[in-house]
Amino acid sequence: MLLAIDIGNTNIVFGVSAAGDWKKIWRIQTDAHKTADEYEVIFRSLFSSGKICRNEIDQIILSSVVPALNREFQDMLPRLTGNDVQLIQPELFERLPIQVMNPYEIGADLVANALAAYNKYRSWCMVIDFGTALTFTTISAEAAIRGVAIAPGLRTAIQALAGNTAQLPDVPPVLPPSVLGTNTVHAIQAGIVIGYTGLVDRIISQTEAAVGQQLTVIATGGLASTFAHELTRIDHIEPNLTLDGLRLIGAYL
């Protein structure tokens with residue numbers, strides 16, 4: 001079995017795969033201050049409740065955008081499973097069947113997204129990852145990452161607004177009843193959540209104009225399933241796209 005782990009700024013998503021299927025996938029909150037011992041307790045408990053036999057895990061693939069946790073997981077996981085950890089780093093990208101521009105400037109999670117999207121759709125496509133950052137990764141029909149656009153994620157934008165003002169609250173990132181906010185919560189949601197639908201549509205249309213191709217658009221990330229339904233240009237929602245990509249990367253390492 002393969003254990004794939006994606007450490008993001010907000011959540012850690014990890015799953016166990018066997019015979020090409022995900023037996024179990026978990027999502028926990030990222031805490032850069034937790035120790036290896038604390039994460040080991042969490043993983044042991046989740047594996048036990050999910051009826052996952054740790055001794056059957058024979059490969060571990062780790063993607064991380066939180067460097068402070070890399071050593072903790074590299075210490076914890078061998079104790080937990082008896083296997084070494086393969087941390088996805090830029091020097092490994094040349095082994096993949098996808099061309100990665102600026103390998104030392106692009107996150108391993110975006111490379112995993114791109115590989116999984118191309119492997120599934122084999123055409124010009126864009127992956128929109130609705131996470132702490134809102135990222136747009138464009139992949140050509142020749143399996144090359146052509147470019148990336150990055151904006152603050154919806155939750156990040158809302159928290160920044162609440163954190164930098166005296167009277168505006170933190171609100172859930174959901175669509176309000178109307179663009180005409182009649183209270184503070186709905187006003188913030190109208191400005192940010194509805195506003196972001198325009199941002200997403202504009203990035204897609206501008207990208208298509210730049211590459212001269214119509215894109216297959218895939219949404220992933222923590223808010224994809226709740227937000228992407230409101231966007232007319234989203235073709236597919238793939239909540240496990242990053243883990244799927246990590247599983248594919250594992251086959252080339």
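## Ground rules

What you see is a predicted model, where local features need pLDDT of at least 70, side-chain atom pairs count only at pLDDT 80 or more, and totals for chains, interfaces and linings use all residues. Residues are numbered from 1 along each chain as its sequence is written, and side-chain values use heavy atoms, leaving out hydrogens and water.

## The big picture

The protein chain has seven helices and ten strands. Both are DSSP runs numbered from the N terminus: helices are H or I with at least four residues, strands are E with at least two.

The C-alpha trace spans about 55 × 45 × 30 Å along its principal axes. For 253 residues, a compact globule would have a radius of gyration near 18 Å, and the chain's 19 Å agrees with that. (The radius of gyration is taken over C-alpha atoms, and the globule rule is 2.2 Å times the number of residues to the power 0.38.)

Strands of a sheet pair through backbone hydrogen bonds, either parallel or antiparallel. Here, two strands count as paired if DSSP finds at least two bridges between them.

Strand 2 (residues 11-18) runs antiparallel to strand 3 (residues 21-29), with eight bridges between them, and Gly15 sits opposite Ile25 of strand 3. Their hairpin has two residues between the strands, and Ala19 there takes a positive phi near 55°. At the other end, strand 4 (residues 59-64) and strand 5 run parallel, joined by two bridges, with Ile61 opposite Gln86.

Seven bridges tie strand 7 (residues 133-139) to strand 8 in the antiparallel sense, and Ala133 faces Pro152 of strand 8. Strand 9 (residues 216-220) pairs with strand 10 in the parallel sense over two bridges; Ala219 has Ile237 as its bridge partner.

## How the helices pack

Axes are lines fitted to C-alpha atoms, for helices over the stretch in contact, and angles run from 0 to 180 degrees between N-to-C directions. Helix 4 (residues 154-163) and helix 5 (residues 184-211) pack at about 150°, with axes 10 Å apart. They are therefore roughly antiparallel (angles over 145 degrees; under 35 is roughly parallel, 65 to 115 roughly perpendicular, and the rest oblique). Contact, meaning heavy atoms within 4.5 Å, is made by Leu154, Ala157, Ile158 and Leu161 of helix 4 and Ile188, Ile192, Val193 and Tyr196 of helix 5. That gives eight nonpolar, no polar and no charged residues. (Ala, Val, Leu, Ile, Met, Phe, Trp, Tyr, Cys and Pro count as nonpolar, Asp, Glu, Lys and Arg as charged, and the others, Gly among them, as polar.)

Helix 1 (residues 36-49) and helix 2 (residues 67-81) cross at roughly 50°, their axes coming within 9 Å, and are therefore oblique to each other. Their contact divides into nine nonpolar, no polar and six charged residues.
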